[in-house]
Amino acid sequence: MSVKFSEAALKEYKMITGRYPQMRAALIPVLHLAQKEFGWISRDVVRYLSELMQIPATEILDTASFYTMFKLKPSGKYHIQLCSTISCALRGSRQIYEHLAKKYNIEDGGVTEDGRFSLLKVECLGSCGTAPVVQINDDYYEDMSVEKLDKILDELK
Amino acid sequence: MFEKILTKGIDIPKSRDIEYYRKQGGYKSFEKVLKSMEPDAVIAEVRNANLRGRGGAGFPAGVKWGFIPKNSGKPHYLLCNADESEPGTFKDRLLMTGNPHLVLEGNMIAAYAIRSNVAYIYIRGEFVEEARILEEAISQAYEKGYLGKNILGSGYNLDMYVHRGAGAYICGEETGLIESLEGKRGWPRIKPPFPAVAGVWQSPTIVNNVETLACVPSIIEKGSEWFKAIGPEKSPGPKLYCLSGHLEKTGVHELPMGLNLKELIYEYGGGIRNGKKLKAVIPGGSSVPVLTAEEIDVAMDFDSLAQVGTMLGSAGVIVMDEDTCMVDALLNMTHFYRHESCGQCTPCREGTNWAERLLRKIEHGQATMKDIDLLEELAGHINFRTICPLGDAAAMPIASFLQKFRPEFEEHVKQGKCPLNSNL
């Protein structure tokens, strides 16, 4: 498989790299861009970025693997990140986790067989006043309950 | 009557718009410093205001700015810490979504004061919408000439960028943030050198929290004496308090520094939900020592909380009711620190892992009394033995939970199970 940024992504790439005095500083924003473009950070993506940015592939992986948001394996079409830290836990995030795990028959970090959903327990999402909170792809869903979340998930296309 | 400064008009939909912000007198302070104040005069004013860092440490911002060397021959950088990740904290998010231009104006004034021509707002990666809002505000500021070259004819140049992180609590620590901005793992650096001398790209760098910077425009507008008259003398100014956990009304409240914690919980938070009794409160984000229900008659400021053995931290008030299992709550928090430990220092990397295992044993009734002693000893070996304060942040809750709720830990051992059947 050949991996290559689209014209639009290349334009954004150039804009990003122009913000920093050193190429390496653009790595995390570029990894975000690559993930948006390719869905996840495959080894092919790492090799492509290595060539493009002139950063050794091992160093790209070293950085990417440190951060929870970079997917080093494919996720579902809808990536469900469930906050499990104290303020959300005090208001029922465990019950939501157990419900989702049963409903989709997946565990923490898993993807459904049809590839529609992936579930990941994450640490504090910084939305503790509207706990429990769930992030589906880029969007926050706050003040969640099993019922409310079910409705949201069932309405996704 | 306290008039809101940081969150005034924040619920108006157009509060994000530059025109609305300007109509409220916005960007006047930035214009004022460009026209009539030398950078050092700005630093002196903020130092005199005794604006203490709102990210958690409480270090005076003006003093920090003063550490920037005079003639380093290198570019200077301002980094705004918008990595808000301390459990129980969600105030900067409110500022960035509701009052983004105030955040920007604070950045502009600070950048001018430290003679920086480039500012980065390092925002946690999950805040996709917040980053978009800030980018929109920045592009409006460029359009109106508040950013770019020769701003308002002053000869001063400033570029500002939003830089998204990618999910790592440690990047809220200032040298972890710097490493992350450089495109690496967020591994905190040994200090000294401090960032003001050798920060990002080994250049003089100032890292300030969003809320700290948002206080700056009003200090310039109304003066440091006005600012100092709000709240206690040694920790003055407005403060954003975050209320979460078992309260009737959770949320962020802007009030003077030094508000009584009991008042905050019962007046502003509406008391404990479902008519339950209060059991414990963590006053400053999950890293700070816990208070029992009997200890909450205390002022929420850096010094008053230090006197009762805890900290203001990020003012993330986490409230727990009588049904909360303190072992399970501590297990949840320790899991957090184990997960977020960057792995550099052995006491933190191994210690948090071991502590989590011990706590899981206790919670599930598989521990002995000796395990409780071991946990206590272990926390003592993590505290103050690491490069950055994450180790302390993991150890302090363990020590304080054991000190204040030890019988509950022992009950788990005696009964061979969790007496409350907790499942956090």
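Me: Which domains does the domain assignment give for chain A?

Reply: The assignment gives domain 1 (7-64) and domain 2 (78-155) for chain A, with bounds that come from an automatic or database domain assignment. This is a predicted model, in which local features need pLDDT of at least 70 and side-chain atom pairs count only at pLDDT 80 or more, while totals for chains, interfaces and linings use all residues. Residues are numbered from 1 along each chain as its sequence is written, and chains are lettered from A and ligands numbered from 1 in the order in which they are written.

Me: How many Å separate the centres of domain 1 and domain 2 of chain A?

Reply: Taken over C-alpha atoms, the centres of these two domains of chain A are separated by 29 Å.

Me: At what angle do the axes of helix H2 and helix H3 of chain A cross?

Reply: Two packed helices are described by the angle between their axes and the distance between the axes. In chain A, the axes of H2 (residues 27-38) and H3 (residues 43-53) cross at roughly 135° and come within 11 Å; helices here are DSSP runs (H or I, at least four residues), numbered from the N terminus, and axes are lines fitted to C-alpha atoms over the stretch in contact, with angles from 0 to 180 degrees between N-to-C directions.

Me: Which residues make the contact of H2(A) with H3(A)?

Reply: A:Leu27, A:Val30, A:Ala34 and A:Phe38 of H2(A) meet A:Val45, A:Leu49 and A:Met53 of H3(A), where contact requires C-beta atoms, placed from the backbone, to lie within 7 Å.

Methods. Helix = DSSP H or I, 4+ residues; strand = E, 2+ residues; numbered from the N terminus. Contact = placed C-beta atoms within 7 Å.
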